[in-house]
Structures are given as C-alpha cells and as structure tokens.
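I opened this notebook to record what I looked up in the structure. The entries follow the order of my searches.

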Amino acid sequence: MITLYHGTDHILKEPSIELGKETNDYGKGFYCTRLPEMAKEWACKENTDGFSNAYMLDEEGLKTLNLLDGKHTVLNWIALLLQHRIFTIQDEIARDARDYLIEHFAVDTRPYDVIVGYRADDSYFSYAQSFVSNALPLRSLNKALQLGKLGEQTVLKSQRVFECITFTGAEPVSREIYYPKFIARDSSARQTYQNEIRKSRNYREDIFVMDILREEIGNDDPRIQRIVLE
C-alpha cells in the first residue's frame, strides 16, 4: 500500500483516467505524487486556493513502468513526451529528431497500470525542447533533470488501477503559502541548472541530437549509458 496525493482546486473523491488529457506528459491518466508538499504546490499553481487529495493505492498485482529505475534513460522519457506533449518544431532537424526518438526510444506504455517518471514542469519541458532542437547536449539535459528537483510523478494509466485506489481525505491549501513555493521551485531549478551546467560543458565528449541522427544511435548504445550514469 502506498499513499498518493493529487493537488487540484477542489476535493476529488472519485479519481478517473478521464480526468487526464492526451497532451499530458504520459497521455491520458490520473497524475499524482508521493510527496504531500509537491501536491500542495500543484494545487495552487494557478494562484488559487486548492486541496491536496490523499489516496491509498494497493499495488499488489499492478504492473508499473518506472522510468527512474536505472534501466531507462532520459531519452526514453523525452520520447514519451514527444508522443503526447505539444512541442515547437521549428526546423527539419527537430522534426527528424522527434520521429527518430519516438521510433527508437519510446516505451510501449499500454501493458502498464502505473507509470513513474519525471514531471515536465516549465523548466524540464524547455530543456527537452532545446535538446530536440539540437541546442542542448545530452549530458547537460541529464544533469538538469537530476539537479532541478522539480519532482517525480506517479500516473495511473489503466481502468483496472482505479479498482485499487481509495480516497482517504483532502487538506485545504492556501495559495498565499504554496503559489510562491511553486514559482520558487521552478526558478531555483533554472538557476541551479545555469550554475552547474556552465561549469561542466565539454561538447567534444557529449552527444547532441544531431549525433544521434547522423550515427543512428540506439537505446542500448554504450555512449548514452556512459553519459546518463555519470
């Protein structure tokens, strides 16, 4: 049994897969966090008061895709974002990169009930878009996600999983306290990224998306594994 939290502007006793949008990070699903403070920030992200809804999930018998388990890389995460989120595709490189990453790095999520992965807040999404546009190397992207601390999310993806979840209560959340925290978390992530990444750039030993396209690099390429495991 695990506790999950969902921040929103109302009490939500009956979660549903239909509450999610196809254009969310991992497509349609019910998006939660295991961190109560994170849920409170999400509840006030529109600068309104909200609620942190709490649930108990019985994981027994459920199939979980954990993108943060060390078996997957940031490229698997980006490939899923490219399938669902709306990216600004400005040129042929970005268009080819989108198609190649989806074809070679996307994970089939259909067999899974639950997905665990990064949440693409504004900072994370801008880093992903820069990588796809060949403006950010893989090492910098990987470090940005590690340093940002913008949060992980747990997404309920199948109809079956909603038979295993129970609403346990809702806590009121004040925008005066948690909206500034929501803004500060994103700003802190951007500043940390700028401070740390600028000190460690070495493009000659890094991989840009153009390198992936030109050399037809695949998911199990040791160069990718070396960078993401640093």
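Predicted model: local features only at pLDDT ≥ 70, side-chain atom pairs only at ≥ 80, totals over all residues.

Entry 1, charges over rings. I found Arg119 over the face of Trp42, at 4.2 Å from the ring centre. I also noted Lys63 over the face of Tyr112, at 5.2 Å from the ring centre. The criterion I applied is NZ of Lys or CZ of Arg within 6 Å of the ring centre and within 35 degrees of the ring normal.

Residues are numbered from 1 along each chain as its sequence is written, and side-chain values use heavy atoms, with hydrogens and water left out.

I recorded a volume of about 930 Å³ for the largest pocket. I took a pocket as an open set of points on a 1 Å grid over the protein atoms alone, where a 1.4 Å probe fits, with protein on both sides within 12 Å along at least five of seven lines; lining residues have an atom within 4 Å of a point. Points are joined across faces, edges and corners, and the volume is the space filled by probe spheres set on them. The lining has 33 residues, and Gly7, Asn24, Tyr31, Lys45 and Arg119 lie nearest the centre. Two or more lining residues come from each of β1 (2-8), β2, α1 (36-43) and α6 (175-197); these are DSSP runs numbered from the N terminus, helices being H or I of at least four residues and strands E of at least two.

Beyond its neighbours within four places in sequence, Lys40 is in contact (heavy atoms within 4.5 Å) with Ser52, Glu171, Val173 and Tyr178.

My search of the whole structure gave four aromatic pairs. Ring centres of Phe, Tyr and Trp (its six-membered ring) must lie within 6.5 Å; planes under 30 degrees apart are stacked, over 60 edge-to-face, and the rest tilted. Trp77 and Tyr118 form an edge-to-face pair, at 5.9 Å centre to centre and 80° between the planes. The two are 41 residues apart, with Trp77 in helix α2 (residues 74-84) and Tyr118 in strand β5 (residues 114-118). Both Trp77 and Tyr118 are buried. I also noted one aromatic cluster formed by Phe30, Tyr55, Phe162 and Phe167.

Phe30 is in strand β2 (residues 30-32) and is buried, with a relative accessible area of 1%. Its C-alpha atom is separated by 5.0 Å from that of Leu156, 126 residues apart along the chain. Leaving aside neighbours within four places in sequence, the contacts of Phe30 include His6, Leu12, Tyr55, Leu156 and Phe162.

I defined a core as buried Ala, Val, Leu, Ile, Met, Phe, Trp, Tyr and Cys residues joined through side-chain atoms within 4.5 Å. Which of the 43 residues in the largest nonpolar core touch the most other members? They are Leu75, Trp77, Ile78, Leu101, Phe131 and Leu138. Helix α2 gives the most to this core, with eight residues. A second, separate core of 15 residues includes Ile2, Leu12, Phe30 and Leu57.

Key: Buried < 20%, exposed > 50% of the residue type's maximum accessible area, 1.4 Å probe, protein only.
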